[in-house]
Amino acid sequence: MSVDKVTSSPYNGKDSFVFVSYAHRDSDKVFEIIAQMQADGYRVWFDEGITPGKDWDCILADRIEQCSLFLAFLSENYLNSGNCTDELFFARDMEKPLLLAFLDSSALSGGMRMRLGRTQAIFRNNYGDLDDFLKKLYQTEEMQACSLRREADDFGERDAADSEEEYQKAVRLLDGEAVGAEAFQAAACLKRAAAQGHVQALAILGECYQKGTGVERDMEKAVECFEESAAAGCTAAMNSLALCCLWGLGRKQDRTRAVELYLQAAGNGDAAAQNNLGHCYESGTGVEPDAAKAVEWYEKAAAQGYAEAQNSLGLCYENGTGVPKDFETAIGYYRKAAAAGHTGAQKNLEFLKGRDIDAV
């Protein structure tokens with residue numbers, strides 16, 4: 001899916017990156033492509049944000065010298081710009097790998113054809129869809145070296161770092177709702193930490209495979225991660241694996257095992273598992289229906305401030321499920337959950353207001 005604007009700033013690290021050369025008059029077309037490249041996990045440098053001045057040429061020369069691939073977006077505007085062609089020929093003189101991406105049907109002059117005749121080229125007009133154009137672009141060997149996805153896939157080739165440090169870095173990235181390059185970085189960190197036996201990292205890596213965050217979505221790999229992490233005692237992985245068993249995600253459906261996993265995690269204090277176990281007992285999923293036991297597990301999770309369980313208890317007291325009807329108690333639980341941002345609890349409060357319940 002295409003992105004309409006540049007999603008992040010130019011890459012300024014020391015790892016392999018693509019230098020993008022373009023005419024500023026083509027910014028709209030090129031920035032759409034750069035944005036998608038960044039979202040797909042490629043390190044890209046471009047000159048946006050640099051204030052022209054005496055250091056302009058030095059900055060450009062330095063970044064061209066450091067890049068792994070010089071990607072020139074050729075057009076009539078580009079070929080008529082002395083600055084653009086200076087960048088191109090400087091990169092050629094530096095013997096940098098070159099890739100010419102033609103944005104229109106502009107033709108090279110005789111002199112340029114002689115100097116660039118053997119250079120790799122790709123033509124945007126040959127691809128109606130941007131995604132198809134980018135797929136061809138990404139096949140370049142030098143381009144692949146600039147991929148954070150490749151870094152995540154080839155994590156074992158890098159020196160092992162401190163597993164907790166890698167895990168914490170991934171958590172920080174994911175807490176920021178990582179997308180694009182950050183998502184690939186997070187996945188790479190989790191893989192390195194998991195390879196060293198970090199149980200929590202393995203559980204979160206499973207979630208990444210489940211959601212397609214920084215890696216290709218793969219439910220079977222997700223289940224493998226959850227299984228290994230759960231076997232090592234991670235309650236979050238037990239809870240995630242139970243959900244997979246419950247709905248047959250990435251493995252055969254097994255509701256009995258789902259309940260067993262919820263019981264194990266819930267017994268170790270996992271609030272999400274306690275709440276989910278309550279749902280199983282309330283609905284009779286994998287166990288005989290038992291509304292009273294459902295309330296017991298909801299109460300354990302609610303006591304930990306788990307908003308979903310507080311809302312579930314509110315529903316039990318409102319409807320008399322496993323407990324006597326008690327609107328005042330129901331409202332109390334709804335208010336706690338609503339204060340934590342639970343939208344269902346907020347709607348339930350509004351519903352009771354509409355019924356003119358005095359305690360609301």
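Okay, a definition to start: helices here are DSSP runs of H or I with at least four residues, strands are runs of E with at least two, and both are numbered from the N terminus. Counted that way, the chain has 19 helices and five strands.

Before I go on, this is a predicted model, so local features need pLDDT of at least 70, side-chain atom pairs count only at pLDDT 80 or more, and totals for chains, interfaces and linings use all residues. Residues are numbered from 1 along each chain as its sequence is written, and side-chain values use heavy atoms, with hydrogens and water left out.

Let's talk about the inside. I'll call a residue buried under 20% relative accessible area, exposed over 50%, and partly exposed in between, using a 1.4 Å probe and protein chains only. Of the 360 residues in the chain, 47% are buried.

Now the cores. In soluble globular proteins, nonpolar side chains tend to be buried together. A nonpolar core, for us, is a set of buried Ala, Val, Leu, Ile, Met, Phe, Trp, Tyr and Cys residues joined through side-chain atoms within 4.5 Å. The largest one here has 65 residues, and Y167, L190, L241, Y262, L277 and L313 have the most contacts inside it. There's also a second, separate core of 25 residues, with V20, A101, I122 and L134 among them.

So what does Y167 touch, leaving aside its neighbours within four places in sequence? Contact means heavy atoms within 4.5 Å, and Y167 has L190, A193, H198, Q200, A201 and I204 as partners.

On to charges. A salt bridge is a side-chain nitrogen of Lys or Arg within 4 Å of a carboxyl oxygen of Asp or Glu. How many salt bridges do we get by this rule? The count is five.

One of them pairs D15 with R43, at 4.0 Å from N to O. D15 sits in the segment before β1 (18-21), while R43 is in the loop between α1 (27-39) and β2 (44-45), so this pair links distant parts of the chain, 28 residues apart. D15 is partly exposed at 41% relative accessibility, whereas R43 is buried at 7%.

Then there's E227 with R257, where the closest N and O atoms are 3.2 Å apart. E227 is in helix α12 (residues 219-231) and R257 in helix α14 (residues 255-267), so the pair ties together parts 30 residues apart in sequence. Salt bridges with shared partners join E227, R251 and R257 into one network. E227 is partly exposed at 27%, and R257 is partly exposed at 25%.

D93 and R92 also form a salt bridge, with closest N and O atoms 3.8 Å apart. D93 is exposed at 53%; R92 is partly exposed at 34%.

Last, cysteines. Take a disulfide as a pair of cysteine sulfur atoms within 2.5 Å, and the count comes to zero. C225 is in no disulfide: the nearest cysteine sulfur belongs to C208, 9.0 Å away. Is C225 buried or exposed? C225 is buried, at 9% relative accessible area, while C58 is exposed at 53%.
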